Amino acid sequence: MSDIFDETEENLRADKWVAIVKTALPIVGVALGGALVLALGVWGWQKYEAGVSARSSETFQAALDAGNKGDVAGAKTKFQDVAKSGNAAYKSMALMELGGMAITDNNNAEAIKDFDQAASAAPTPALKDMAVLKSAMLQIDTAKFDDIKARLTPLTGDKRPFAPMAKEALAIAKLQSGDVKGARADLQILTLTLGTPDGVKQRAGDLIQVIDSGAFASAKAALALPEAKAPIMPQMQGMAPAAQ
């Protein structure tokens with residue numbers, strides 16, 4: 001009898017486990033299916049990103065090649081294509097190239113917009129800081145000092161990639177705003193700080209000399225005067241007016 005009861009109990013336990021498994025299998029299946037979809041989604045996104053990066057790289061290089069060959073319109077179109085559909089890094093770089101082209105066309109407003117968009121799209125601190133610095137430099141003559149300061153101050157941290165250039169730009173902004181003493185102090189620090197690029201040190205030293213000579217005050221006064229009309233140059237035979 002005991003054998004019969006043991007067998008019956010064993011069968012009941014088995015039936016119970018079968019019921020549990022039958023109930024659990026759909027749940028586990030959904031979970032595993034979700035994990036598989038997630039894994040495939042991640043893999044697919046990585047493949048997509050790799051494809052986009054490769055296409056962006058090719059188009060960006062083609063734009064550079066077109067520019068080197070003098071095909072400015074073609075280069076601009078290709079940079080615009082990268083800016084619209086490229087991955088973040090190439091999009092940021094393409095926008096900065098477009099900003100540079102806008103500067104060449106004397107369209108600073110468009111250049112500032114391009115640089116600001118490049119900063120927003122930048123996936124790395126280096127690209128972001130570069131774009132912010134370019135934008136700020138274009139606005140030094142027109143924007144309020146507080147606005148320039150707000151843009152540049154975060155870039156002056158010790159670990160920021162363009163800290164010396166940002167400090168130089170901030171000193172120039174102070175100079176433009178009339179804080180000659182503060183600007184000179186900042187420039188002096190740049191000339192004495194280890195790790196400051198030679199070009200920045202040279203420019204800082206030159207500006208200090210301009211300040212100390214009083215030439216800066218004279219230049220500011222001259223800039224405040226009404227603009228003199230440019231003399232009309234006589235045309236030269238055989239040369240287009242634009243070239244003259």
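A residue is called buried here when its relative accessible area is under 20%. By that criterion, buried residues make up 26% of the 244 residues in the protein chain of this predicted model.

The chain holds ten helices and zero strands. Among contacts with a separation of 6 or more, 44% join residues 24 or more positions apart.

| Helix | Residues | Length | Distance between end C-alpha atoms | Expected span |
|---|---|---|---|---|
| H5 | 125-139 | 15 residues | 21 Å | 21 Å |

In H5, the buried residues are Leu127, Asp129, Ala131, Val132, Leu133, Ser135, Ala136, Leu138 and Gln139. Their cover includes helix H3 (88-104), helix H4 (108-121), helix H6 (145-152) and helix H7 (163-177).

In H9, the buried residues are Val200, Ala204, Ile208 and Ile211. Viewed down the axis of H9, these residues fall within an arc of 75°, so they line one face of the helix. On the face of H9 turned away from the buried side lie the exposed residues Asp198, Gln209 and Ser213. Just after H9, Gly214 adopts a positive phi of about 85°.

Note on methods
Residues numbered from 1 in each chain as written. Predicted model: local features only at pLDDT ≥ 70, side-chain atom pairs only at ≥ 80, totals over all residues. Heavy atoms only, no water. Helix = DSSP H or I, 4+ residues; strand = E, 2+ residues; numbered from the N terminus. Expected span 1.5 Å × (residues − 1). Buried < 20%, exposed > 50% of the residue type's maximum accessible area, 1.4 Å probe, protein only. Contact = heavy atoms within 4.5 Å. Arc of directions from axis to C-beta.
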